[in-house]
Amino acid sequence: MADQTLPTDAWPANAAPSDLISPGRKRLGRALMAAATLGLLAVIAVQILYKTEVDTIGFETWRPVVYAYVLWGVALGIGQVLTRGEDGQRALFLLPALLFTIAMVIFPTLFGFYIALTDWNLSSFSGRKFNGLDNFWQMLADPYYRNALFNMVLYVLAVLVEYVIAFGLALLLNAQIRARKFFRVVFLMPLMLSPVAVSWMIGKSLMEYRFGPAAELARQLGWENPAFFSNPITARISIMVLDAWTFIPFMMIMLLAGLQAMSREVLEAARVDGANAWQTFWQVTFPLMLPVSVTAIILRIIFKLKLADIIITVTSGGPGGATDSVSSFIYREYRDRSNVGYGTMLAMAYLIIIIVFVTWLLKFANRFVRNVN
Amino acid sequence: MSVQTTDYAASEIRSPASFFANRIFIYGALVFWAFICLFPIYWTITTSFKTAVDVTQGHLIPFVDFQPDWKGWRSLGLSPDSIFRTSTVRDEFIKRFMNSVITSVGASSLAIVIGSLAAYGLTRYRYHFAWFKNEDISFFFLSQLILPPVVLALPFLVLYREVGMLDTRIGLILLYTLMVLPIVIWIMRDQFNSIPVELEEAALVDGLSIWGAFFRIVMPIALPGMVAAFILAMVLCWNEYFFAALLTSTDAKTIPVMVASQTGSQGINWWSMAALATAAITPLAVIGIALERYLIMGMTAGAVK
C-alpha cells in the first residue's frame, strides 16, 4: 500500500487530486471496501441462518454483527482515502458521525415501526406475533394515552409562563447590579442538578403534606389543605413548577445573551426621545429580542416534549394518570406490563405527532419573526 | 461571555426616591429568586444531617432547631465514624457513582470527537452524498434533537438484548453519545464558523495536510468551544434518567437510577435519601460554579447572531 501512495500533501489544496491517484491504489481501495461489505453481509447472513435454525454455525448473540459494522466503517474510511485522495480525507471528517447516527437512529426506528405492528409481551412466553394495526386501533381507543397527549399540550403551554419569568430574570441580571456573577451562578444552579435527585427532594419532601416546609408555607398563606399531588389540577401545576424550576435558567441564559448583544445606542436613542422604561421595553427591547426569544422557546418546547423523569419519580403519573406525560406513560406501559409492542406503537405515534408539530412550529415561528420585524 | 457593565444608570436617576425604590425592587427580586434556587439545595443538604424527628417536625436551621447528626451519611457509609469500616451500601454507592462518571465522561468524549470532526467538515467542505448536500446533512444531525428518548428506548431494549449490551456501560455510552451529538455539532459548528478560513489556507500552503491543519491550527483555537460542549454534554449525561432506568438493572445502574429506586416498602429514609441526593448533585454543582463561563458559552452558541 505504501509504495503506491502519492505524497498528496505536497500539493496545494486546490489541485484536483483525483487524477494523481494511481489506478493500483484505486483498485486496492475498491477491493478493500468490497471485501468489507461482503464480510459484513456474510456475518449478517450467517447470523440470520443461525438464529432461524437453518444452520448450526453462528454466534450466541448478535454482537459480532456490531463489530462487523464497526470494521466495515473503518474499511470504508480507508477505502475513501485510497480511492479519492484528498476528497476522501475530507469525507473522513463526516463519516464517523454519519455512520454512528445512521446505525443508532435509522435502524432502531425502522425496527421500532416493525415492533409497533406486533403483539409482543416480554413477560409472556409466546414471543412476538405480527398483528397488523391492532395496536393502532387499541391506541385510538385508549383514554389514558389521549389524556397523556392532552397533558403534553398543557405542559407545552406552561413554557410561555416560564418564558415570562426567564425574561424577567434576564432583565434583572442585565440591570446595573452588584454581584452579578454571584447571582448568575446561583440562578444557573437548578439546571445543573440532577432533576431526579432534586425533584425527589422537592416533590417528596419539601412538598410533603405533613411536614414539608412548602406545605407549611401554603398553610400559612391560607390554603387549608395543601396536598400538592392528590388533586389532578394541583398535581399538574406542581409538576410544571418542578420542571420550570429546572429549566428556567436555560431560557434565562439565552435571553441574557440576547440582551447583552443588543446595541446600547438604540436604547440610548429611545431614552433621548423621551420614552419611559415601560415604552422602551415594549417598543425597543422586546421586538429586538424576538428572534432570540423564539429560539429559546422552541428549544425549550423540544426539551419539554421529552419530559419524563420528574413525573416518573415524583408522581408515577398519578393521581389516576392525571400528570402523565406521553413518555412516562409509555415507560410504565413497559415497566408494569412489559408490553413492548403496544408501547412502541404509542411511541411511534408520538414521534409522528412531534415531527408534524415541530415542523409547523418552525414554519410558524419563521413567519412570525419576519412579519413583526 | 464577558459581563458588560451598563453605564446608563446616570440617566435613570430621576429622583433619589424613585432611584431607591427601583434599587429595592431589583435587589428584592434578585434575592427572592436566589432563595427559590437555593432553598431546595439547602433543604437537601440539611436533611441529610437530620434524624427522623427533625424531619417530621419540619426543623430547618441546624444548631438552632435541631442538632446535626451523621445519621444519613452513616447509612451510606460515608460519615466520619463509618468511613473506615466496610460498608456494602458504600460499595454500592461508589459503584453507581463510577458508572455515572464513566458513562457521562465516555459519552461526552465520544460525542466531542465525532461531533467536532463532523462540524468541522460541514463548515469547511461541500459534500454530496447521493442527493444530500451540506444543509441536508446538518439538518439530519440537528433534527435528532427532536427525537424523544421514548421512541428509541423500547427498540433499543430489544436490540441490546439481542446484541448482549443490555445493562452494560458501553450500551449507555452509545445512547448518550447519540443524545448529545446534535448539541455538540450545533456548538462546534458555531465555533468553527467563527475561525477565519485564511488560517487553514495558509497552513495548507505551508505544506500541512488537511488533517494536519485541523489538528495543529484549528483545534487549539476551537478548544474553549470544545470544553463548553463537553461540559454541557456532561451535565446532560450525568442527569439522564430515562434510558438508564430502562436499560440497566444491576451492573451499569447510574446514580439517578439509584436515587429514584430508594423508595422502600417501609416508608422513606429521608436522611439517607437526602445524603444520596446531595452526593448526586455535588459534582455538577462544583462544575457549575467552577466552569460557569463555559456552560454559558455552550448554551448561548448560535443563539445570538
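**Close-up 1. Helix 4 and helix 8 of chain A sit oblique to each other.** In this predicted model, helix 4 (residues 143-174) of chain A and helix 8 (residues 232-261) of chain A bring their axes within 6 Å of each other, crossing at roughly 45 degrees. As for handedness, helix 4 of chain A goes past helix 8 of chain A in a right-handed crossing. Sort the residues of this helix-helix contact by class and you get 19 nonpolar, three polar and two charged.

**Close-up 2. Here chain B meets chain A.** Chain B puts 86 residues into the contact, and chain A puts in 87 residues. On the chain B side, the top contributor is helix 2 (residues 16-47), with 12 residues.

**Close-up 3. Within chain B, domain 1 touches domain 2.** Chain B splits into domain 1 (9-75) and domain 2 (88-300), and their C-alpha centres are 33 Å apart. Where the two touch, domain 1 of chain B supplies 11 residues and domain 2 of chain B supplies nine residues. On the domain 1 side, helix 2 and helix 4 (71-75) of chain B are the elements giving two or more residues. Helix 4 of chain B gives the most there, with four residues. By class, this domain 1 side of chain B has three nonpolar, six polar and two charged residues.

How values were computed. Residues are numbered from 1 along each chain as its sequence is written. Chains are lettered from A and ligands numbered from 1 in the order in which they are written. This is a predicted model: local features need pLDDT of at least 70, side-chain atom pairs count only at pLDDT 80 or more; totals for chains, interfaces and linings use all residues. Two residues are in contact if their C-beta atoms, placed from the backbone, lie within 7 Å. Axes are lines fitted to C-alpha atoms, for helices over the stretch in contact, and angles run from 0 to 180 degrees between N-to-C directions. Angles under 35 degrees count as roughly parallel, over 145 as roughly antiparallel, 65 to 115 as roughly perpendicular and the rest as oblique. A crossing is left-handed if the near helix is turned anticlockwise from the far one by less than a right angle, and right-handed if clockwise. Ala, Val, Leu, Ile, Met, Phe, Trp, Tyr, Cys and Pro count as nonpolar, Asp, Glu, Lys and Arg as charged, and the others, Gly among them, as polar. Domain bounds come from an automatic or database domain assignment.
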